[in-house]
Amino acid sequence: MRQSSVAAALLAPAVIGGPALPAAAAPASTGPPQARAAWVSSCDDGTSPCGPWRLIMRDGRTITVGDTAARAKGRATGLFALSGDGRTIAYQRARDHRLVVRAAAGGPVRQLPASLPAGGEDTTLHLSAAGDRVLVGRRGHADVLTLATGRIARLTVKGDPAGFSGDGDEVLTTRGLSDGTKWLYAYALDGRTVKASAPQFVANAYTVALSPDGHTVAAFSYGNQDRRPPRLRTYDLETGRLSDGVDLPLTSRTPPSHARWTPDGRLLAYAYDSDSTKSPVVRVLTVDPSSGQASRTDTYKAGAGHHTIVFPGE
């Protein structure tokens, strides 16, 4: 676990070919504006994305990211990622489908190395919590670019990359086997690995997130129509310990669709009604994994007629 500094990433912008980004790790009171979420509209009776991606800013504005690719070759939707702190975005550029990164509030765009793959149906794009690392994943591979140095850690992994740990020091991957079991892996950037076979609750979880400690996974269930609300349990990849389950103050109609840990160890859950014909109300909760006690961190409306919504750290 490191004390990351995005400012350090800006000392050598020439390494990846572009001007410096704002310091994404600065406190909210002094740092650049933050985005709550990103979304792209739906066309063709809801089957396809269209138009540029838009950002829902914390200050109430909606910012259109005009050079984003709504669609991409070999993919239903163009790649887009938002850092956990909401200050940095990465995406496929429309005119050439190259991966780029910039501040959420606007400003210069930095083109990422061409050696980072952007095509393929199973390719995923993620930013670390502080926006100082970019993960491009595809089955069996995880390429992590550290913006400060331009260094790319090319990891051969088991399964599908699912995102960063809370502090950006590890990559979580999941791998389903033909016998119905699922394995979870946490890869450090030097290749060290912690792995474990997931118990049934974790294997069937609606969403999972890796803690900044590099081995604790938070798993959220969907809930069901029999009045069982969504539940949370944590699983330790090192010891195999599965915590007792705790109920969340949510319903199966609005389960957590995304969860993430902050670098300081807080667990956030994002829940909304996925009916794309309406403007869904997004509820962001800070959850205590041991008690299930939750406090509402934020509430806002997302775009009506959306095809895809991306939350910070997703």
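**Strand pairing and a buried serine in a predicted model**

Strand β9 (residues 133-138) and strand β10 (residues 141-146) pair in the antiparallel sense through six bridges, where strands are DSSP runs of E with at least two residues, numbered from the N terminus, and pairing requires that DSSP finds at least two bridges between two strands. Within this pair, Arg 138 has His 141 of β10 as its bridge partner. The structure is a predicted model, in which local features need pLDDT of at least 70 and side-chain atom pairs count only at pLDDT 80 or more, while totals for chains, interfaces and linings use all residues. Residues are numbered from 1 along each chain as its sequence is written, and side-chain values use heavy atoms, with hydrogens and water left out.

Strands β9 and β10 belong to an open sheet of four strands, ordered β8-β9-β10-β11 with antiparallel pairing. Because β8 (124-127) and β11 (152-156) each have a single partner strand, they stand at the edges, and one side of each is left without a neighbour in the sheet. On average, neighbouring strands of this sheet are turned by 15 degrees against each other, direction ignored (axes are lines fitted to C-alpha atoms).

Strand β16 is joined to strand β17 (residues 216-220) by four bridges, the two running antiparallel. Here Val 208 is placed opposite Ala 219 of β17.

Ser 41 lies in strand β1 (residues 35-43). Its relative accessibility is 16%, and Ser 41 therefore counts as buried (under 20% relative accessible area, with a 1.4 Å probe and protein chains only). The side chain of Ser 41 forms a polar contact of 3.3 Å with that of Arg 54; such a contact is a pair of N or O atoms within 3.5 Å, of which, within protein, one must be able to donate a hydrogen and the other to accept it. Neighbours within four places in sequence aside, Ser 41 is in contact (heavy atoms within 4.5 Å) with Ser 48, Pro 49, Cys 50, Arg 54, Gly 305, His 306 and His 307.

Over the whole protein chain, there are two helices and 24 strands, helices being DSSP runs of H or I with at least four residues. Of the 314 residues, 53% are buried. Among contacts with a separation of 6 or more, 45% involve residues 24 or more positions apart.

Definitions and conventions. Buried means under 20% relative accessible area, exposed over 50%, partly exposed in between (1.4 Å probe, protein chains only). Axes are lines fitted to C-alpha atoms, for helices over the stretch in contact, and angles run from 0 to 180 degrees between N-to-C directions.
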